[in-house]
Amino acid sequence: MTFSPPFAHAPRRQALAPSAWRTTSLDRLLIGTPHYPEHVDDSYLERDAARMAECGFNVIRLAEFAWHLMEPREGAFDFALFDRTIEVFAHHGISTVMCTPTATPPRWLTMAYPEVLRVDTHGRPARHGSRQQADTTSPVYREHSRRITQAMASHYLDHPHVIGWQTDNELNTTVSESYAPGTAREFRRYLSARYPSIAALNHAWGTDFWAQRYDSFEQVDLPFELAPSFANPTQVLDYHRFLAWATAAFQHDQVTILRAANPGWFIFHNLGQLRDIDFRGEFTTDLDFLGYDVYPFLKDEFERTGSHAHHQAFMADVMRGYAGNFIVPEQQSGLGSQPGFTTPVPEEGEMQRMAMSSIARGADGVLFFRWRPAHFGAEIYWNGILDHDDVPRRRYEEARRTGTTLQRIGSRILGTSVRMDVGIAGADYDNQEAHTTYPLGLPSPQGASLPLHRHCFEQGLPCGFLHPEDDLSRLKVFFVPHWVIWKDEWTERLERFARAGGTVVIGARTGTRDANNHVIRDTAPGRSLSALCGITVEEFGLLPPLDGLGLADKLNRPEGALLLPARPAESSRRAHQLRVGDAVLPAAHAYELLKVREDAADQVDVAGRWDTRFVAGQPAITVRRVGEGRVVYVGTYLTDALAALLFEAVLTDLPLKPLLPHVPAGVEVTLREGEGRSLLFILNSRAEPVLVPEVPAGLELMADRMHAAGPLTLGAYGCAVIQTV
């Protein structure tokens, strides 16, 4: 492979700008399911197609794990099974999305070309018998992926019922790293293109620490986890930058072939765990839109609180922040299971409620996973719409009600985007990765935004994620959750937003490292942010988390893992208290001691102070007036209590209104608007009916009847969509 950082984009129908406000160009709301004809015999096809048509489905997804069938021997192709499947479903009005099958190479390939296998940090190559065992950084594997993609594209280029493509399957979800000799070679090529000289790399990596200086790029190795001590943080960051580049390059190979074959196809990828993918780069701009596989019951939030609704909403908003409206290629419909885990089963109504939550948060298509469970393999108990015995039961009836309703109202949904009044900075790969290179036991930027997002979710405030380079003018508040790497041009954008009347909230530790992941030499938070906020950070330190875990527990617990029961901790005496107005509450994670700059003393008010021990009385939260707006600096991390208090005591005069005057607990409220339409989604995530007061008048689309202004009763897991304009 010849390394070439710039991507020569193939022609496409519409260049995708990474914008949280962007809608898709789909001509229909996609409703359907993945289908695996290789798991059943042909006698199922006609029955499956007829039932899906009865459910209102208009699309299936095919072939994501079927490379071995389409190329049973190298260079010998056979598409007969999928040709038959496409035709049978087309007869019932159902189109097909094809998938490149490169997540599961055939056995003949891994035997003939063992160098394509990933190698773990212990030097052990992956074995055949699972998935994602092939190393996407491997030039040999990239060549084979191009070959199968070209064969499929050539075969289906004029097929009227193939409308789009999915690249691969959940890239990097199982694993993203590889430590193969070939990976090391490609990493060195990447570095030699990124840095003009080995001296530039030595400077960027700070290799004078622990005698790590290199004389040539050939001396550089991968950051193995087996090193006696900790790896160089910038080396680790560059390794993950490389993995993100390699992932985008692997996908780009396929996209180039597909675009050249038929520019009319839409192309997306179905994201899983969101590992080592740079969503502001070529990975996203190559695609027409993103896809995100939604499995709320897999999340620890459900296990911890008994409710998965907020976590699903949070992740959908994160996804929309990458590139705007998306689709859900896999929406959980039943019990989810692999040999290492099993989830609860969605109750009656939850399948529809979860699907509607995805749509409420920006999905322009939902494909339920799966149509039926497999009878063999690692997902035999991953249940779907049908059961193993092929008998339609309650999930089938729920899918039919949901699908036919969405088919009826889909045209009203397309063309709208999700309203956001509160924005959270997201979609920045370097900041999320820089955090992992030296986490200090603190939440990641994304994890640290959970309390603010949860407050907005519970209060019915329209909230979402977007990048500082996105259009901020539609927002009223923009929160930057502890981005250690900062660019001065972002400060200029935030200042313009504030001067026009917006409120900017900057979290602790923001701006404390440079692009090389070095701690800055200026006083935190750096020159441009310090001037914008009117403060300097004189000291920072860590605080014990409020759940009673110590720092060692934090360092060894993956973010999002289940919290252990709180235990009495001697270190709890070190927790600092915050005083905001008349309220006093404990702080968590970290503290900063702030000093108001002399040149901003007449513009800065202290809104919160530390209230305990040696920090008592020192500023913790400040507000600087900037033009028609303001900039708030919070010298700690948000908790649920502090997020609520921030709105109640510091931002009391914000022109923020909830989408409904009173949002009952467990009710999700979202607004999609555009093209002269305003669609208010009201979803009940509770297992009992709920009365929602003061709902505006409009056409209730789900039931297809008018709703007069006033209360609305939702049944258990009930859904309503009110078109008010």
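Two strands are taken to pair if DSSP finds at least two bridges between them. The views below show a predicted model.

**View 1. The open sheet of nine strands.** The strands of this sheet follow one another in the order β14-β13-β15-β16-β23-β22-β21-β18-β19, and their pairing is mixed. At the edges stand β14 (463–466) and β19 (583–586); each has a single partner strand, so one side of each is left without a neighbour in the sheet. On average, and with direction ignored, neighbouring strands of the sheet are turned by 20° against each other.

**View 2. The pairing of β22 with β23.** Strand β22 comprises residues 619–626 and strand β23 residues 629–634; the two pair in the antiparallel sense, over six bridges. Within this pairing, T622 has Y633 of β23 opposite to it.

**View 3. Helices α16 and α17 against the sheet.** Helix α16, formed by residues 450–459, packs on the sheet and touches β13 (422–425), β14 and β15 (477–480). The direction of α16 makes about 160° with that of β13. Helix α17, formed by residues 488–499, lies across β15, β16 (503–507), β22 and β23.

**View 4. The cis peptide bond between F369 and R370.** The bond that joins F369 and R370 is cis, with an omega of about 0°. R370 belongs to the loop between β11 (363–369) and α13 (394–413).

View 5. Although D390 is not a glycine, its phi is positive, at about 65°. The relative accessible area of D390 is 10%; because buried means under 20%, D390 is classed as buried.

**View 6. The cis peptide bond between A524 and P525.** From A524 to P525 the peptide bond is cis, and omega is near 5°. P525 is placed in the loop between β16 and α18 (527–533).

**View 7. Y717 in the loop between β30 and β31.** Y717 is found between β30 (710–714) and β31 (719–723), in the loop that separates these strands. Its phi is positive, at about 55°, although Y717 is not a glycine. With a relative accessibility of 7%, Y717 counts as buried.

Notes
Residues numbered from 1 in each chain as written. Predicted model: local features only at pLDDT ≥ 70, side-chain atom pairs only at ≥ 80, totals over all residues. Heavy atoms only, no water. Helix = DSSP H or I, 4+ residues; strand = E, 2+ residues; numbered from the N terminus. Axes fitted to C-alpha atoms, helices over the stretch in contact; angles between N-to-C directions. Contact = heavy atoms within 4.5 Å. Buried < 20%, exposed > 50% of the residue type's maximum accessible area, 1.4 Å probe, protein only.
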